[in-house]
Amino acid sequence: MEGYKNYISKIAFTESDEDYFYSTLIMNIDLTVLREKCGSLVSFKNRRNARNLWLKNKDTIATKTGIKFRELKVDEDVVMVLIYDENLLWKSLQDKERNKFLRSLGYNTLGDIDCFLDQLEERFQNDFPHEVGIFLDYPLCDIIQFMKNKHECLSLNGYWRVYENEAESQKLFRHYNSIKSMLANKLEQGENPKNFLLEKKLGLCIH
(Lines give C-alpha, C1' and ligand atoms only; values in the text may rest on other atoms or scores of the structure.)
Protein backbone atom coordinates (compact mmCIF):
# COMPACT_ATOMS: atom_id res chain seq x y z
CA MET A 1 0.00 0.00 0.00
CA GLU A 2 3.02 2.30 0.21
CA GLY A 3 2.60 3.51 -3.38
CA TYR A 4 -0.90 4.66 -2.58
CA LYS A 5 0.13 6.42 0.65
CA ASN A 6 3.09 8.11 -0.99
CA TYR A 7 1.01 9.33 -3.91
CA ILE A 8 -1.65 10.81 -1.65
CA SER A 9 1.09 12.67 0.25
CA LYS A 10 2.73 13.97 -2.91
CA ILE A 11 -0.36 15.30 -4.69
CA ALA A 12 -1.03 17.66 -1.79
CA PHE A 13 2.02 19.63 -2.97
CA THR A 14 1.34 19.64 -6.71
CA GLU A 15 1.35 23.18 -8.12
CA SER A 16 -1.61 22.83 -10.47
CA ASP A 17 -5.06 23.04 -8.86
CA GLU A 18 -6.48 21.12 -11.81
CA ASP A 19 -3.99 18.27 -11.42
CA TYR A 20 -4.73 18.17 -7.70
CA PHE A 21 -8.48 18.11 -8.38
CA TYR A 22 -8.34 15.25 -10.88
CA SER A 23 -5.80 13.25 -8.88
CA THR A 24 -7.85 13.38 -5.69
CA LEU A 25 -11.05 12.73 -7.63
CA ILE A 26 -9.57 9.56 -9.13
CA MET A 27 -8.45 8.28 -5.75
CA ASN A 28 -11.89 8.97 -4.30
CA ILE A 29 -14.09 7.44 -6.99
CA ASP A 30 -11.85 4.72 -8.45
CA LEU A 31 -13.59 1.83 -6.69
CA THR A 32 -16.99 2.96 -7.98
CA VAL A 33 -15.81 3.63 -11.53
CA LEU A 34 -14.28 0.14 -11.54
CA ARG A 35 -17.55 -1.32 -10.20
CA GLU A 36 -15.93 -2.61 -7.03
CA LYS A 37 -18.61 -0.84 -4.99
CA CYS A 38 -21.87 0.92 -5.73
CA GLY A 39 -21.02 4.44 -4.63
CA SER A 40 -18.46 6.94 -3.36
CA LEU A 41 -19.10 10.08 -1.35
CA VAL A 42 -16.86 13.02 -2.23
CA SER A 43 -16.67 16.46 -0.62
CA PHE A 44 -15.40 19.26 -2.85
CA LYS A 45 -14.29 22.14 -0.65
CA ASN A 46 -12.90 25.56 -1.50
CA ARG A 47 -9.37 24.33 -0.78
CA ARG A 48 -7.34 24.28 -3.99
CA ASN A 49 -10.43 25.53 -5.86
CA ALA A 50 -11.89 22.01 -5.82
CA ARG A 51 -15.48 23.18 -5.36
CA ASN A 52 -15.39 25.46 -8.40
CA LEU A 53 -13.54 22.93 -10.53
CA TRP A 54 -16.21 20.33 -9.79
CA LEU A 55 -19.06 22.71 -10.65
CA LYS A 56 -17.30 23.73 -13.86
CA ASN A 57 -16.33 20.25 -15.05
CA LYS A 58 -18.95 17.89 -13.59
CA ASP A 59 -21.00 17.47 -16.77
CA THR A 60 -17.92 16.77 -18.89
CA ILE A 61 -16.68 14.27 -16.30
CA ALA A 62 -20.03 12.48 -16.28
CA THR A 63 -20.29 12.43 -20.07
CA LYS A 64 -16.74 11.23 -20.67
CA THR A 65 -16.63 8.58 -17.92
CA GLY A 66 -20.26 7.45 -17.90
CA ILE A 67 -20.51 7.91 -14.14
CA LYS A 68 -23.71 9.01 -12.45
CA PHE A 69 -23.72 11.60 -9.71
CA ARG A 70 -26.08 13.33 -7.32
CA GLU A 71 -25.16 16.52 -5.51
CA LEU A 72 -26.46 15.88 -2.01
CA LYS A 73 -25.61 19.28 -0.58
CA VAL A 74 -24.36 22.49 -2.16
CA ASP A 75 -23.38 25.58 -0.21
CA GLU A 76 -20.73 28.28 -0.35
CA ASP A 77 -18.08 26.13 1.31
CA VAL A 78 -18.58 22.61 0.00
CA VAL A 79 -20.37 20.41 -2.50
CA MET A 80 -21.08 16.88 -1.28
CA VAL A 81 -21.52 14.48 -4.17
CA LEU A 82 -22.54 10.85 -4.41
CA ILE A 83 -20.81 9.21 -7.37
CA TYR A 84 -22.58 5.94 -8.14
CA ASP A 85 -22.96 2.98 -10.43
CA GLU A 86 -26.65 2.84 -11.25
CA ASN A 87 -26.99 -0.93 -11.51
CA LEU A 88 -24.96 -1.71 -8.40
CA LEU A 89 -26.71 0.95 -6.36
CA TRP A 90 -30.14 -0.30 -7.36
CA LYS A 91 -29.10 -3.81 -6.37
CA SER A 92 -28.02 -2.53 -2.95
CA LEU A 93 -31.24 -0.59 -2.45
CA GLN A 94 -33.39 -3.56 -3.39
CA ASP A 95 -31.64 -5.95 -1.02
CA LYS A 96 -34.38 -7.18 1.31
CA GLU A 97 -32.68 -6.30 4.60
CA ARG A 98 -31.28 -2.99 3.39
CA ASN A 99 -34.63 -1.99 1.98
CA LYS A 100 -36.32 -2.89 5.26
CA PHE A 101 -33.78 -0.82 7.18
CA LEU A 102 -34.40 2.25 5.01
CA ARG A 103 -38.14 1.83 5.51
CA SER A 104 -37.58 1.80 9.27
CA LEU A 105 -35.94 5.23 8.90
CA GLY A 106 -38.95 6.62 7.05
CA TYR A 107 -37.85 6.13 3.47
CA ASN A 108 -40.42 5.47 0.78
CA THR A 109 -38.83 2.41 -0.81
CA LEU A 110 -41.42 1.86 -3.56
CA GLY A 111 -40.01 4.40 -6.01
CA ASP A 112 -37.17 4.33 -8.51
CA ILE A 113 -33.54 5.13 -7.81
CA ASP A 114 -34.14 8.87 -8.07
CA CYS A 115 -36.81 8.58 -5.39
CA PHE A 116 -34.23 7.12 -2.99
CA LEU A 117 -31.70 9.79 -3.93
CA ASP A 118 -34.25 12.59 -3.50
CA GLN A 119 -34.90 11.43 0.04
CA LEU A 120 -31.21 11.08 0.84
CA GLU A 121 -30.53 14.57 -0.54
CA GLU A 122 -33.32 16.02 1.58
CA ARG A 123 -31.84 14.49 4.72
CA PHE A 124 -28.41 15.93 3.92
CA GLN A 125 -29.76 19.47 4.15
CA ASN A 126 -30.01 19.40 7.94
CA ASP A 127 -27.69 16.64 9.09
CA PHE A 128 -25.30 13.91 8.00
CA PRO A 129 -27.52 10.84 7.54
CA HIS A 130 -25.42 7.80 8.36
CA GLU A 131 -27.67 5.52 6.33
CA VAL A 132 -25.70 6.92 3.39
CA GLY A 133 -23.56 3.84 4.04
CA ILE A 134 -26.24 1.85 2.19
CA PHE A 135 -25.45 3.95 -0.89
CA LEU A 136 -21.72 3.30 -0.43
CA ASP A 137 -21.88 -0.51 -0.15
CA TYR A 138 -21.00 -0.63 3.54
CA PRO A 139 -22.17 -3.77 5.36
CA LEU A 140 -25.58 -3.23 6.91
CA CYS A 141 -24.49 -4.66 10.26
CA ASP A 142 -21.72 -2.07 10.55
CA ILE A 143 -24.02 0.80 9.56
CA ILE A 144 -26.52 -0.19 12.24
CA GLN A 145 -23.86 -0.67 14.91
CA PHE A 146 -22.26 2.68 14.13
CA MET A 147 -25.60 4.49 14.36
CA LYS A 148 -26.26 2.85 17.72
CA ASN A 149 -22.77 2.96 19.20
CA LYS A 150 -20.74 5.75 17.57
CA HIS A 151 -18.27 5.94 20.44
CA GLU A 152 -18.03 2.26 21.22
CA CYS A 153 -14.68 0.58 20.70
CA LEU A 154 -14.61 -1.05 17.29
CA SER A 155 -12.52 -3.87 15.94
CA LEU A 156 -11.30 -2.25 12.71
CA ASN A 157 -11.42 1.18 11.13
CA GLY A 158 -10.73 1.35 7.40
CA TYR A 159 -12.99 2.36 4.56
CA TRP A 160 -15.74 2.22 7.15
CA ARG A 161 -15.91 1.40 10.85
CA VAL A 162 -16.08 -2.35 11.32
CA TYR A 163 -18.00 -3.87 14.21
CA GLU A 164 -18.63 -7.37 12.84
CA ASN A 165 -16.98 -9.80 10.42
CA GLU A 166 -13.55 -8.23 10.85
CA ALA A 167 -11.64 -10.81 8.82
CA GLU A 168 -13.96 -10.44 5.83
CA SER A 169 -13.75 -6.64 5.89
CA GLN A 170 -9.98 -6.69 6.34
CA LYS A 171 -9.65 -8.88 3.26
CA LEU A 172 -11.82 -6.47 1.28
CA PHE A 173 -9.80 -3.47 2.52
CA ARG A 174 -6.59 -5.12 1.32
CA HIS A 175 -8.19 -5.68 -2.09
CA TYR A 176 -9.26 -2.03 -2.28
CA ASN A 177 -5.79 -0.88 -1.22
CA SER A 178 -4.13 -2.99 -3.92
CA ILE A 179 -6.29 -1.36 -6.59
CA LYS A 180 -5.48 2.11 -5.31
CA SER A 181 -1.77 1.31 -5.22
CA MET A 182 -1.81 0.16 -8.84
CA LEU A 183 -3.59 3.36 -9.90
CA ALA A 184 -1.21 5.51 -7.86
CA ASN A 185 1.82 3.82 -9.40
CA LYS A 186 0.46 4.47 -12.88
CA LEU A 187 -0.18 8.13 -12.15
CA GLU A 188 3.28 8.53 -10.63
CA GLN A 189 4.77 7.32 -13.90
CA GLY A 190 3.65 10.57 -15.51
CA GLU A 191 0.04 10.03 -16.60
CA ASN A 192 -1.89 13.29 -16.77
CA PRO A 193 -4.67 12.78 -14.18
CA LYS A 194 -7.33 14.60 -16.20
CA ASN A 195 -6.67 12.55 -19.32
CA PHE A 196 -6.32 9.40 -17.24
CA LEU A 197 -9.87 9.83 -15.93
CA LEU A 198 -11.62 11.25 -18.98
CA GLU A 199 -10.05 8.78 -21.41
CA LYS A 200 -11.22 5.88 -19.23
CA LYS A 201 -7.75 4.51 -18.50
CA LEU A 202 -8.53 3.40 -14.93
CA GLY A 203 -9.60 -0.08 -15.91
CA LEU A 204 -6.69 -0.62 -18.28
CA CYS A 205 -4.06 -0.52 -15.55
CA ILE A 206 -5.62 -3.19 -13.32
CA HIS A 207 -6.67 -5.78 -15.92
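Which residues in H5 meet Leu-140, Ile-143, Ile-144 and Met-147 in H7? In this predicted model, the H5 residues are Glu-97, Arg-98 and Phe-101. This report returns to that helix pair after describing the sheet and the helices around the sheet.

**The sheet**

Three strands make up an open sheet, in the order E1-E3-E2, with antiparallel pairing. Strand E1 (39-45) and strand E2 (68-74) are the edge strands, and each of them pairs on one side only. From one strand to the next, the twist averages 25°.

E1 is joined to strand E3 (residues 78-84) by seven bridges, and these two strands run antiparallel. Two of the facing positions can be named. Lys-45 stands opposite Val-78 in E3, and Ser-43 has Met-80 as its bridge partner in E3.

On the other pairing, six bridges connect E2 and E3, again in the antiparallel sense. Here Phe-69 has Ile-83 of E3 as its bridge partner. The link in the chain from E2 to E3 is a hairpin through three residues.

Because seven of the seven residues of E3 are buried, the strand is largely enclosed by the rest of the structure.

**Helix H2 and residue Ile-29**

Ile-29 is found in helix H2. Is Ile-29 buried or exposed? Ile-29 has a relative accessible area of 1%, so the residue is buried. Leaving aside neighbours within four places in sequence, Ile-29 is in contact with Ser-40, Val-42, Ile-67, Ile-83 and Leu-197. Ile-29 and Leu-41 are 12 residues apart in sequence, and their C-alpha atoms are 8.0 Å apart in space.

**A bent helix: H3**

Helix H3 (50-65) has 16 residues. A straight helix would reach 22 Å at 1.5 Å a residue, but the end C-alpha atoms of H3 are only 19 Å apart. H3 also bends by about 55° at Asn-57.

Asn-57 is one of the buried residues of H3, which also include Ala-50, Arg-51, Leu-53, Trp-54, Lys-58, Ile-61, Ala-62 and Thr-65. An α-helix has 3.6 residues a turn, so residues three or four places apart point the same way. Among the elements that cover the buried residues of H3 are H2, E1, E2, E3 and helix H9 (193-198). After H3 comes Gly-66, which has a positive phi near 80°.

**Two residues with positive phi**

Most residues other than glycine have a negative phi, and most peptide bonds are trans. Arg-48 is not a glycine, yet its phi is positive, at about 55°. Arg-48 is found in the loop between E1 and helix H3. Asn-165, also not a glycine, has a positive phi of about 55°. Its place is the loop between strand E5 (161-162) and helix H8 (166-188). Asn-165 counts as partly exposed because its relative accessibility is 47%.

**Two helix pairs**

Two packed helices are described by the angle between their axes and the distance between the axes. The table gives these values for two pairs.

| Helix pair | Angle | Axis distance |
|---|---|---|
| H4 (residues 86-94) and H6 | roughly 75° | within 10 Å |
| H5 (residues 96-104) and H7 (residues 140-148) | about 25° | 10 Å |

How values were computed: Residues numbered from 1 in each chain as written. Predicted model: local features only at pLDDT ≥ 70, side-chain atom pairs only at ≥ 80, totals over all residues. Heavy atoms only, no water. Pairing = 2+ DSSP bridges. Helix = DSSP H or I, 4+ residues; strand = E, 2+ residues; numbered from the N terminus. Axes fitted to C-alpha atoms, helices over the stretch in contact; angles between N-to-C directions. Buried < 20%, exposed > 50% of the residue type's maximum accessible area, 1.4 Å probe, protein only. Expected span 1.5 Å × (residues − 1). Bend = angle between axes of the 7 residues up to and from the residue. Contact = heavy atoms within 4.5 Å.
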